[in-house]
Amino acid sequence: VEESLSSSVFGDLHAMTHNIPNVWQSADHLCVVWCLQFVLVVNRFLHSIIDLDKKSNSKFIANKEIRLTKAYQFFMGGPSSGAEQLSTLTNNMIDEEDWIEDIRRNFQHKFDTGLPKTRVQMIRLDPNPLYKFLNVDVFNLDTKEWIFGCEANEMLSNMRYCSIAVSLSNSSQYLPDNGFSRQNAQINLHLLKVKNPRWTHVILKFPKTTQPFQFNIDINNMDDRAVQIHMPKWYNFGQNELAETQLDSTFYNLNIHGLSYKYQAVAIYVHVKSCRGESSSVVTKTSNSWSKGFEKFSSF
């Protein structure tokens, strides 16, 4: 449904079902009552705006700004421009954690037998253009609160850390995957630094576990990961090799220009030429510029 047919000046927000975080399929007015992905999001939103009094009686929060902020958090994946973002603080137990800062921009770690100790991966907020955009994939992580921002200016046994951090969980979302559960976070590090000038790091906190676990980090300047595709007006049955991925890269943005007619179509093939580890699934997100909020995820 085109956005203009369902949005209203009398509504506080407008969200298409397949663009709601953790909802990967579109749902019409009948499907919304049994689409589990959508129902769970609605339930979490309703529970988040419940207020308990001293007698444990429940009622909805009266403050509309708080309700609207929560609505943007669950249905739009972020805070509204007119309401203050509610930050969640986490107290870190430094003695039981390994704080690690890696100077590499693109790398991955896989733990087949799990993590014996909580691992905190630190990513510096660097003004260098090569450190502009962060893409993180985590596999088989049993928590939604795993990415934070903080001012790491404390020291313990030559280990730099921050005792208080602000949750950035709104930046993460679950993605479809053929194997383990998969979460992804994409953050503009330079913009984050502008909004929070005192912050020095983004931290990824992975609790100890006995289950297999993996995370991939890809830091880039976005331009390196942009591929421009110009569509022919009539037809072209040839195949062109557009690009080879960089080593340990996990994110690419394909911009298709000139896709203006109904008869036009483009087929994209992803081939694995060589891989140092086990091949994993590829997740694609399709969006367009003429229908705000249209995003569709696929996994193969």
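Predicted model: local features only at pLDDT ≥ 70, side-chain atom pairs only at ≥ 80, totals over all residues.
**Exercise 1. State how many salt bridges a search of the whole structure finds, then work through the pair Lys-205 and Glu-97.**

Solution. 
- Step 1: The search gives seven salt bridges.
- Step 2: In one of them, Lys-205 pairs with Glu-97, and the closest N and O atoms are 3.1 Å apart.
- Step 3: Lys-205 belongs to strand 14 (residues 201-206) and Glu-97 to strand 4 (residues 97-101); the pair links distant parts of the chain, 108 residues apart.
- Step 4: Lys-205 counts as buried because its relative accessibility is 15%.
- Step 5: Glu-97 has a relative accessibility of 5%, so Glu-97 also counts as buried.

**Exercise 2. Find which strands are tied together by the salt bridge between Asp-137 and Arg-182, and describe the pair Asp-218 and Arg-225.**

Solution. 
- Step 1: Asp-137 and Arg-182 meet through their side chains in a salt bridge, at 3.5 Å from N to O.
- Step 2: Asp-137 is part of strand 7 (residues 133-139) and Arg-182 of strand 13 (residues 182-188), so the bridge ties together parts that are 45 residues apart in sequence.
- Step 3: Asp-137 and Arg-182 are both buried.
- Step 4: Asp-218 and Arg-225 also form a salt bridge between their side chains, with an N to O distance of 2.4 Å.
- Step 5: Both residues of this pair, Asp-218 and Arg-225, are buried.

**Exercise 3. Give the strand order of the open sheet of five strands, and say which strands stand at the edges.**

Solution. 
- Step 1: The order is 5-15-7-13-12, and the pairing is antiparallel.
- Step 2: Strand 5 and strand 12 (172-175) each have a single partner strand, so one side of each has no neighbour in the sheet and these two stand at the edges.
- Step 3: From one strand to the next, the twist averages 15 degrees.
- Step 4: Strand 7 and strand 15 run antiparallel and are joined by seven bridges.
- Step 5: Leu-134 has Ile-219, in strand 15, as its bridge partner.

**Exercise 4. Identify the residues that touch the most other members of the largest nonpolar core, and find which element supplies the largest share of this core.**

Solution. 
- Step 1: The core has 26 residues, and those touching the most other members are Trp-146, Val-202, Leu-204, Phe-206 and Ile-217.
- Step 2: At least two core residues come from each of strand 5 (106-111), strand 7, strand 13, helix 4 (189-195), strand 14 and strand 15 (213-220).
- Step 3: Strand 15 supplies the largest share, four residues.
- Step 4: A core of twelve residues lies apart from this one, and Met-122, Ala-152, Met-159 and Ile-203 are among its members.
- Step 5: For Leu-204, the contacts beyond four places in sequence are Arg-119, Val-120, Gln-121, Ile-123, Val-136, Trp-146, Ile-147 and Ile-217.

Conventions:
Residues numbered from 1 in each chain as written. Heavy atoms only, no water. Salt bridge = Lys/Arg side-chain N within 4 Å of Asp/Glu carboxyl O. Buried < 20%, exposed > 50% of the residue type's maximum accessible area, 1.4 Å probe, protein only. Core = buried A, V, L, I, M, F, W, Y, C linked by side-chain atoms within 4.5 Å. Contact = heavy atoms within 4.5 Å. Pairing = 2+ DSSP bridges. Axes fitted to C-alpha atoms, helices over the stretch in contact; angles between N-to-C directions.
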